Amino acid sequence: MRPADEVIGAVGFSVMTVRPGDTCLAMGISDLPILAPGHLMSVMESACVAALSEYLETGETTIVDKFDISVIDSVGIGSEIRGAARCTEMDGRSMIFECDIYEGERHIAFAIIERTAVERVSFLARTAAQSLIKPS
């Protein structure tokens, strides 16, 4: 991972067009054909990943540790939303991002996301090992 003075201020973007299967109705979490909040989170996480793409070393990736989201408004099928993430803090391998989602000029959601850099192979090996030793 590059030093904090290089990573802080990094910005990433993500775009999504809402499809019928992306709605709360389709996912069974309400009876409204509006974008499910989980997709808002995915767009924000994608923007965080894009912000870090040039700052990670070979074999590194990031995982989410904390996610604090506030939904301001809803969007329906066919809407195009744009997510933006900006790294505002870094402490060791942990980074804090301020994220926003807009549909045009309309502010849809905002969040604070904490992500941690991990070595991909070691992380996956540890995850696989934990799955194997789970009590039945």
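1. A residue is called buried at under 20% relative accessible area, exposed at over 50%, and partly exposed in between (1.4 Å probe, protein chains only). By this scale R106 is partly exposed, because its relative accessible area is 32%. The model is predicted: local features need pLDDT of at least 70, side-chain atom pairs count only at pLDDT 80 or more, and totals for chains, interfaces and linings use all residues. Residues are numbered from 1 along each chain as its sequence is written, and side-chain values use heavy atoms, with hydrogens and water left out.

2. A salt bridge here is a side-chain nitrogen of Lys or Arg within 4 Å of a carboxyl oxygen of Asp or Glu. Eight salt bridges are counted under this rule.

3. One of them joins D73 to R106, with an N to O distance of 2.7 Å. D73 sits in the loop between β2 (60-71) and β3 (80-91), whereas R106 belongs to strand β5 (residues 106-119); the pair, 33 residues apart, links distant parts of the chain. Strands are DSSP runs (E, at least two residues), numbered from the N terminus. D73 is partly exposed, at 33% relative accessibility.

4. A further salt bridge connects E98 with R86, the closest N and O atoms being 3.1 Å apart. Because E98 lies in strand β4 (residues 94-103) and R86 in strand β3, this pair ties together parts that are twelve residues apart in sequence. Both partners are partly exposed, E98 at 37% and R86 at 38% relative accessibility.

5. Salt bridges with shared partners join D73, E103 and R106 into one network.

6. E6 and R2 also form a salt bridge, with 3.5 Å between the closest N and O atoms. E6 has a relative accessible area of 37% and is partly exposed; R2, at 34%, is likewise partly exposed.

Methods. Helix = DSSP H or I, 4+ residues; strand = E, 2+ residues; numbered from the N terminus.
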